[in-house]
Amino acid sequence: MRRNLRLILDMGAVCAFSLTTLGIVTHPVVSEHESRSPATAAQQITFNRDIAPIIFANCSVCHRPGEAGPFPLLNYEQVKKHARQIATVTASKYMPPWLPEPGPYKFADERSLTSAQILTIRKWVDGGELEGNSADLPPQPKFASDWQIGKPDMVVSADRAFALPASGTDQYWNFILRVPISETHWLRAVEIRPGDKRIVHHANILVDRMEAARQMEHEGGAGFAGMDLRIESEAFDPDSHFLFWKPGTVPYVYPEGMSLRLDKGTDLVLNTHLQPSGKPEMVQPSVALYFTDKPATLHPMLLQMENDAALDIPPGAKRFLVGDDFKLPIDADLLAIYPHAHYLGKDLDAFAIFPNGTRKDLIHIKQWNLNWQAVYRYERPVALPKGTTISMRYVYDNSEDNIANPNHPPQRVTAGNRSSDEMAHLWLQVLPHKQAGNSEDPRRLLQEALARHDLDKNPANFEARYNLAALLQARGNVAEALPQYAKALQIRPEDALANNAYAGALMSAGRLDEAIQRLMTALKSRPSYFDAHYNLGNVLAMRGDFPHAVAQFRAAVEINPEDANAQTNLGSALAQVGQLSEAKLHFERALEINPNHHLARENLQELQQEMSSH
């Protein structure tokens with residue numbers, strides 16, 4: 001019987017900015033007499049000596065041909081042309097885009113200008129935008145002409161381009177990228193090329209190990225629309241890595257021991273946010289894969305906090321507060337963080353209250369801007385001991401004073417997946433620690449605590465109810481799992497995965513008739529569901545109904561002929577109804593797939609003895 005755990009992915013998109021900010025050159029203090037004299041060349045602020053290092057480190061990565069910046073900033077003439085605009089947007093800290101306030105934990109690759117750098121730009125503009133001595137000009141930044149971290153081991157692309165209309169609302173389109181591998185690989189990095197960066201606002205990858213997204217795909221392999229993308233998994237395999245792109249993103253190479261597993265039969269689903277440019281565009285993204293021969297030894301997971309149920313923001317509300325609090329059941333290290341809201345988000349604060357009562361900000365954004373959302377990785381992991389409470393407090397502004405408000409006059413806004421709706425999400429990448437004296441995967445303990453936490457807030461949360469049931473079942477607590485599955489199916493009676501998983505628990509409890517009904521419901525919802533056919537074959541065989549079991553195992557083998565267990569069980573059922581020659585073929589096929597399949601080998605030997613005796 002296959003265990004089933006659904007892990008729901010519903011994320012807004014993020015980006016990571018990764019360039020080092022260079023310091024400015026300081027100048028010697030001049031005497032009183034010198035200060036009254038006309039400025040000398042050494043005292044004047046020039047582009048070549050003072051401004052170019054700031055621009056090259058913080059602006060040129062996006063402001064260059066082929067990137068999202070609306071104009072290039074690679075030389076004196078280009079920067080001078082936009083000098084006053086640059087002084088204005090840096091003074092307001094609109095550029096470069098860096099939202100977090102300084103806090104107790106430093107983020108890696110912070111891209112923000114110091115007050116001294118901002119003042120230097122202003123003085124340069126006020127002083128006449130001098131070019132300076134060419135000998136002072138640092139080398140122009142070098143950018144890879146191809147993939148940023150070198151030649152990839154594999155590139156996967158969308159089968160077909162998506163036609164983005166010239167005008168209209170933003171589009172959310174999902175491309176399915178099929179990965180042609182025949183065995184498990186481990187990834188050390190990925191690099192996303194989403195298409196023309198002028199029209200792609202952001203993109204993020206979800207790993208689909210069941211090829212479930214293909215059921216939503218349009219005919220011809222064009223992908224499918226939607227922002228609310230949910231990928232289901234039938235094994236406990238929580239998401240572990242942030243896989244996102246936004247203008248300015250530098251590919252992230254995973255730390256030693258944190259490679260990402262990629263199995264045969266896995267699809268990458270690229271969820272893109274596209275913005276019409278005024279003319280028709282064709283979008284056909286690709287993703288570079290970088291492999292490593294080192295399997296993962298450390299297993300982080302993405303933990304989601306949210307309180308969308310509290311989002312019912314009346315028009316005119318300037319400080320609408322939404323919060324959530326989650327107490328860690330185990331020790332964990334916090335590696336990265338991503339807060340998310342839409343256009344009404346104003347002040348987003350996430351903090352930790354440690355067991356000794358100390359409070360420290362994990363991230364605080366006083367001026368949220370949806371257009372510059374990002375994943376923020378910590379320079380060093382933040383140790384969060386067991387009993388630490390992680391809290392989020394988000395303030396929303398639904399008044400006319402909020403220039404980002406999409407509604408004029410303001411309208412009531414509730415939770416939803418459209419950009420005109422709102423979200424209150426906080427994603428954290430944590431590395432949970434094993435607990436002394438407890439051999440259980442610490443990710444399971446964290447997932448169970450999170451499911452119970454979500455159900456305390458909202459008993460009608462289907463995903464939390466299902467996940468709790470599956471975790472209890474996997475632990476062997478079938479009696480506790482059964483009522484949780486039943487409650488989940490009260491919320492979504494036709495859900496195929498939940499019916500299949502519930503059937504597994506019912507079979508363990510000996511309630512075979514009920515299991516059959518649940519499996520038939522699953523197959524009505526999803527006729528090509530391999531596991532439901534396989535499990536229905538098993539329960540029918542347990543009741544001695546081998547003719548009908550044969551039909552179910554046949555269906556399973558037709559869907560997945562490479563499954564050795566299905567081949568073996570079909571052979572066993574065929575042998576029970578006297579079809580020995582065909583049974584032999586399926587035992588042999590199972591051993592071709594898995595030469596070490598002991599049951600297939602034992603059954604084949606027994607069958608051969610029986611056939612030779614007749």
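E448 is buried, with a relative accessible area of 10%. Buried here means under 20% relative accessible area, exposed means over 50%, and partly exposed lies in between (1.4 Å probe, protein chains only). This is a predicted model, in which local features need pLDDT of at least 70 and side-chain atom pairs count only at pLDDT 80 or more, while totals for chains, interfaces and linings use all residues. Residues are numbered from 1 along each chain as its sequence is written, and side-chain values use heavy atoms, with hydrogens and water left out.

E448 has a charged partner. Its side chain meets that of R452 in a salt bridge (3.2 Å, N to O). A salt bridge is a side-chain nitrogen of Lys or Arg within 4 Å of a carboxyl oxygen of Asp or Glu. R452 is partly exposed, at 36% relative accessibility. Both residues sit in helix α6, four residues apart, about one turn of the helix. An α-helix has 3.6 residues a turn, so residues three or four places apart point the same way. Helices (H or I, at least four residues) and strands (E, at least two) are DSSP runs, numbered from the N terminus.

Another salt bridge joins R443 and D441 (2.8 Å, N to O). R443 is buried at 14% relative accessible area. D441 is partly exposed at 22%.

Axes are lines fitted to C-alpha atoms, for helices over the stretch in contact, and angles run from 0 to 180 degrees between N-to-C directions. Contact means heavy atoms within 4.5 Å.

Those two strands belong to an open sheet of four, in the order β12-β21-β15-β18, with antiparallel pairing. β12 (301-306) and β18 (376-384) are the edge strands, each with a single partner, so one side of each has no neighbour in the sheet. The twist averages 30° from one strand to the next. Two strands pair if DSSP finds at least two bridges between them. β15 (residues 332-340) and β18 are joined by five bridges in the antiparallel sense. A336 has R377 in β18 as its bridge partner.

Q429 lies in strand β21 (residues 425-432). It is buried, at 6% relative accessibility. Not counting residues up to four places away in sequence, Q429 touches several residues, including M301, L335, A336 and R377.

Next, helix α5. It spans residues 115-126, 12 residues in total, and reaches 16 Å from its first C-alpha to its last, close to the 16 Å expected at 1.5 Å a residue. The expected span is 1.5 Å times one less than the number of residues. Q117, I118, T120, I121, W124 and V125 are buried in α5. They cover an arc of only 155° around the axis, which puts them on the same side of the helix. That arc is taken from the directions from the helix axis to the C-beta atoms. On the other side of α5, S115 and D126 are exposed. The cover over the buried residues includes α2 (47-58), α3 (76-81) and α4 (83-91). After α5 comes G128, with a positive phi near 100°.

Finally, back to charge. The whole structure holds 31 salt bridges. One of them pairs R178 with D159 (3.2 Å, N to O). R178 is in strand β3 (residues 171-178) and D159 in the loop between β1 (154-157) and β2 (162-164), so the pair ties together parts 19 residues apart in sequence. D196, R198, K279 and E281 are linked in a network of salt bridges.
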